[in-house]
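Please open the model in a viewer and keep the sequence at hand.

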Amino acid sequence: MTNCKCKDDKCPELFKVQSNQEIDYEEAIDPIDLLQLPVLIKSKNTEVKLDSTVEIFTSIINRDRDNIGFASFSYEYILQRSTNGGNFTTLATMTPAQSLNVIPASGAGPSNYSGSLVTNLTWVDKPEIGCYIYRILIDKGPAQTFIIQAPADLSRMIRTRSLNASVFTHQT
């Protein structure tokens with residue numbers, strides 16, 4: 001086992017922000033700025049490991065006892081950085097997707113199905129000394145596809161989300 005000791009300010013620093021306040025994904029204005037995280041870089045030879053996650057909870061209620069309900073969507077998940085109060089630049093994007101198949105309702109009531117899509121994006125950044133703001137967004141814009149078949153009600157909520165930055169300064 002390796003003996004790990006910190007020297008001066010060379011220990012990793014952790015910056016974090018998280019929320020479980022729900023956002024109605026259907027009603028939100030595009031793009032949705034989910035979280036912002038300020039990070040201060042005080043030394044040269046620094047790397048920042050970013051971990052972000054977002055949970056989108058989807059519920060579909062099929063009211064048709066004769067047809068299969070189907071809902072599918074995708075969106076663009078974006079990680080950005082602002083340097084010293086400047087404009088945001090995109091570091092990484094991904095386009096997650098979710099589909100729910102709902103069998104016909106049995107009996108008198110509707111069929112209710114739900115599921116969560118939990119997206120995780122990890123990135124390593126090598127900034128200079130300065131003040132940075134990292135943020136995660138969801139953009140329903142051109143990347144979004146949405147299909148729903150059969151008489152059904154669909155709701156999507158953004159639930160838990162987090163953005164963490166571990167800052168490592170290397171010995172020179």
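Begin by selecting Glu47 and Lys126, whose side chains meet in a salt bridge (3.3 Å, N to O); the term denotes a side-chain nitrogen of Lys or Arg within 4 Å of a carboxyl oxygen of Asp or Glu. The pair links distant parts of the chain, with Glu47 in strand S4 and Lys126 in the loop between S9 and S10, 79 residues apart. Glu47 is partly exposed at a relative accessible area of 22%, whereas Lys126 is exposed at 60%. Here buried means under 20% relative accessible area, exposed over 50%, and partly exposed in between (1.4 Å probe, protein chains only).

This is a predicted model, in which local features need pLDDT of at least 70 and side-chain atom pairs count only at pLDDT 80 or more, while totals for chains, interfaces and linings use all residues. Residues are numbered from 1 along each chain as its sequence is written, and side-chain values use heavy atoms, with hydrogens and water left out.

**Two further salt bridges**

The structure holds five salt bridges. Select Arg135 and Asp33 next: their closest N and O atoms are 3.5 Å apart. Arg135 is buried, at 16% relative accessible area, and Asp33 is partly exposed, at 34%.

Then move to Arg81 and Asp125, a salt bridge with its closest N and O atoms 2.6 Å apart. This pair also links distant parts of the chain, since Arg81 is in strand S6 and Asp125 in strand S9, 44 residues apart. Arg81 counts as buried at 17% relative accessibility, and Asp125 counts as buried at 7%.

**The strands**

Switch to a cartoon view. How many helices and strands are there in the chain? There are zero helices and twelve strands, where helices (H or I, at least four residues) and strands (E, at least two) are DSSP runs numbered from the N terminus.

Now select S3, S10, S6 and S7, which form an open sheet in that order with antiparallel pairing; two strands pair if DSSP finds at least two bridges between them. S3 and S7 are the edge strands, each pairing on one side only. From one strand to the next, the twist averages 20 degrees, with axes fitted as lines to C-alpha atoms (for helices, over the stretch in contact) and angles running from 0 to 180 degrees between N-to-C directions. Within the sheet, focus on S6 and S10, which run antiparallel and are joined by eight bridges. Glu76 can be selected here, standing opposite Asp139 in S10.

**The nonpolar core**

Which residues touch the most other members of the largest nonpolar core? Select Val39, Val54, Tyr75, Tyr134, Ile136, Ile138 and Ile158 from its 29 residues. Strands that each supply at least two residues of this core include S4 (46–62), S9 (111–125) and S12 (152–169). The largest share, six residues, comes from S3. A nonpolar core is a set of buried Ala, Val, Leu, Ile, Met, Phe, Trp, Tyr and Cys residues joined through side-chain atoms within 4.5 Å.

**The whole chain**

Among contacts (heavy atoms within 4.5 Å) between residues at least 6 apart in sequence, 83% join residues at least 24 apart.
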